[in-house]
Amino acid sequence: FFYSPANPKPGDLITFTYIPSKLFKGKPAGIEAIISISTATNSSIDNIRLRKYGNRYTGNIQTQPGDCFIYFGFFNNGLFDNDDKGYHIILKENNRPVKWAYWGLSKYWLEGFQWLKDNNVAQKNSASKALALNALSEEIDNNPEAIDVLFDTYISLLKKNGRVDTAKELI
C-alpha cells in the first residue's frame, strides 16, 4: 500500500495504490475496499471504488479541510488484508500530525475495528485495545490539550491494557 502525496494534508487529493498480499493468491477476483475518514468530531465508513491495473488496485480520495485521519481496509471473500489491521494515513500540516489525527486512529481501533468484526470482515486481530492506547498516547504527545478531553478514555484504556497502576497514578 502506498500513496501520494507523501505527507498529505487536509484538502489534498490522495492517490493510493494497493497490491494484494499473498493472502489473496488463488482467491476469486474482486478485491473490495472500505474507507473511513475521521474529523475531530466524527467519522464515516463507506465503500470505495477501485480501478485494477494488472495486480494493482488504485483509487483517489479527496480530503476535506476538517479531515485528520483516513483508514483503508481491503478484503476478499471474508479475508481482510494486513493481518486484519488495514492501512491508515495520518494527515499532516507543516510536517506534523493534524490535531486529533491519532484520536481518529484510536477510535478506529476502538469502534471501527468492531464494526469490521460485526460485519464479518475482520477476523483475528485481538490487539485492538493496545493499538488504541498507543494511538491515544500519540495524540496526547502531539496535542497536549487533548488530555483534558480524552482523560476518561485514556484511563479506561490503561486499565483495559493491564496498566492499572499507571491509571491510579494519573487519577
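Predicted model: local features only at pLDDT ≥ 70, side-chain atom pairs only at ≥ 80, totals over all residues.

Guide: Residues are numbered from 1 along each chain as its sequence is written, and side-chain values use heavy atoms, with hydrogens and water left out.

Lysine 9 counts as partly exposed, because its relative accessibility is 43%. The cut-offs are these: buried means under 20% relative accessible area, exposed means over 50%, and partly exposed lies in between (1.4 Å probe, protein chains only).

Now look at its partner. The side chain of lysine 9 meets that of aspartate 12 in a salt bridge, at 3.7 Å from N to O. The term needs a side-chain nitrogen of Lys or Arg within 4 Å of a carboxyl oxygen of Asp or Glu. Aspartate 12 counts as buried, because its relative accessibility is 17%.

The structure holds two salt bridges. The other one joins the side chains of glutamate 145 and lysine 99, at 2.5 Å from N to O. Glutamate 145 sits in the loop between α2 (128-142) and α3 (146-160). Lysine 99 sits in the loop between β11 (96-97) and α1 (101-118), so the pair ties together parts that are 46 residues apart in sequence. Helices (H or I, at least four residues) and strands (E, at least two) are DSSP runs, numbered from the N terminus. Glutamate 145 is partly exposed at 40% relative accessibility. Lysine 99 is partly exposed too, at 46%.
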